[in-house]
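The sequence and the structure are shown first.

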Amino acid sequence: MNRELIVRSNSDAVDFALLKDGKLTELHKEEENNNFSVGDIFLAKIRKPVTGLNAAFVNVGYEKDAFLHYHDLGPQLSSMLKFIKQVSTGKLKDYALKNFPFEKDIDKHGVITDVIKANQSLLVQIVKEPISTKGPRISSELSFAGRYLVMVPFSDRVSVSQKIGSNKEKDRLKRLVKSIKPKGFGVIIRTVAEGKKVAELDKDLENLLDKWTAMCGQLQRAKTPSKVLVEVNRASSILRDVFNDSFTGIFVDDTTLHQEIKDYVAEIAPEKASIVKLYTSRVPIFEKFGIERQIKTSFGRTATMSRGAYLIIEHTEALHVIDVNSGNRSNKAKNQEDTALEVNLLAATEIARQLRLRDMGGIIVVDFIDMGKPQHRKKLFEHLRDEMKDDRAKHKILPPSKFGLIQITRQRVRPEMNIKTTEEHPNQKGAEVEAPIVLIDKINVDLERLLKGPARDNTIILNIHPFIAAYITRGFPSIRTKWFLEHKRWIKIQPRDAYTYLEYRFKNKDGKTIY
């Protein structure tokens, strides 16, 4: 399997596209004006604790106060408040916690007004970016994420990712980390640490301790509210979380960004530094790798699959609803039940991709095509679960209900990726149409259906707008030539001046419309 990261830079944002065997699976955007990214740490001020919510509203400098629930305070809150006060006043110069006297953990079922007060300064970390009308969601239980480890101040606990299956490997990693871990810091061992040597883990931990020291050094002169630690840039964050030995290429169209990414890869995986390439062609990088086309066909209300099947994706304030449709799909399945299973398995794969691609979170309800056999419903559930194994966001999938519905909850920490795919209608002012780039995909689907149906032995003529006709027949190999090579049939193209821009008809030699 080929895994490639394509990085496009422009004046105010950087776009990151993750491809698996050429198919777009993740799309991220880093904007220069995003001051509230997941992982950023702020010295904030408590605005108002609210007993009824057992939470507090906190001023982090955003237009709306951040929300801090009691359960997100962390058990070591008292120790942290004491540490902040001593560092801010200059009484504590040693930021290592080995000699710092810890306070008693707060009661896990306590009341927020018993532990924090209005106007109190507090270190908080962004765990959910501002979404819609809501301010950021924050936590005062800080964590510093590295390549192999996550460091948690004011703790001594060592835990291992549940995705590491071998108990022997878990015990080995725990033993290694305990031997290098400084007192006062807890550590979570990430999945990618599996098989790593103590030197690699130690280097990662040293980098995290340097971050902690740099952040503490800012507390004396920091005003509230202010950012005291910036999470690594999105490129490094993505590489840190998804990079592995299966990566075959990283292509970047900006010289400075290329060098930054190359340096980062050389640090975490020296043997892979050569796969980072500077893209210099005049053809835009997203167009060269087919990403623009995939964006146009993957976003929007309708997401198409192969042979006419498609998804309808609707959004409400409370949840997302996905409807699976077989369309005019034709196949060799013997009966309706087998067709439903085939389409549902195809849809499950595409839904897992769509959730990651759009970064959809919250509650997702999927209406699959009804299936009567329990073994088919079980197969669908297991297939969807397997397809979502690579999803880094925390999620839970419930088995199909009696109505054929599957419910999914997926962690939402950033606004959903929402890209407009419709364009202004060329002939009707104020109206919108699907992007023309999607038209060719629709024609391909319809042509494939026709060539497998009753019209397969007859002449097929495509009537279409002159502009689209020119696009289909120009160049070598043209789209029409590709059709000939694939289907061994020559499709006659007839431009029609009376047709609207995106209108087309398939006709036979007698001029009768066959689709």
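This is a predicted model: local features need pLDDT of at least 70, side-chain atom pairs count only at pLDDT 80 or more; totals for chains, interfaces and linings use all residues.

A residue is called buried when its relative accessible area is under 20%. R353 falls below that cut-off as well: its relative accessibility is 10%, so R353 is buried.

E350 and R353 form a salt bridge, with 2.7 Å between the closest N and O atoms. Both belong to helix α8, which covers residues 336–358. They are three residues apart there, so about one helical turn separates them. Side chains of opposite charge can pair when their charged atoms come close.

## A pair between a loop and a strand

A salt bridge also links D359 and R410, whose closest N and O atoms are 3.0 Å apart. D359 is found in the loop between α8 and β19 (362–367), whereas R410 is part of strand β21 (residues 405–410). The pair therefore ties together parts that lie 51 residues apart in sequence.

Are the two partners buried or exposed? D359 has 18% relative accessibility and so counts as buried. R410, at 6% relative accessibility, is buried too.

## Other salt bridges

The structure contains 19 salt bridges. One of them joins E503 to R505, and the closest N and O atoms of this pair are 3.5 Å apart. E503 has a relative accessible area of 23%, so E503 is partly exposed. R505 is partly exposed as well, with a relative accessibility of 33%.

Salt bridges also connect residues into a network, whose members are R8, D15, K29 and E292.

## A sheet of three strands

How are the strands β25, β24 and β26 arranged? They form an open sheet of three strands in the order β25-β24-β26, and the pairing is mixed. The edges of the sheet are β25 (492–495) and β26 (504–507), each of which pairs on one side only. On average, neighbouring strands of this sheet are turned by 25° against each other when direction is ignored.

Strand β24 spans residues 461–464 and runs parallel to β25. Four bridges join these two strands. For N463, the bridge partner in β25 is Q494.

Technical notes:
Residues are numbered from 1 along each chain as its sequence is written. Side-chain values use heavy atoms; hydrogens and water are left out. Two strands pair if DSSP finds at least two bridges between them. Axes are lines fitted to C-alpha atoms, for helices over the stretch in contact, and angles run from 0 to 180 degrees between N-to-C directions. A salt bridge is a side-chain nitrogen of Lys or Arg within 4 Å of a carboxyl oxygen of Asp or Glu. Buried means under 20% relative accessible area, exposed over 50%, partly exposed in between (1.4 Å probe, protein chains only).
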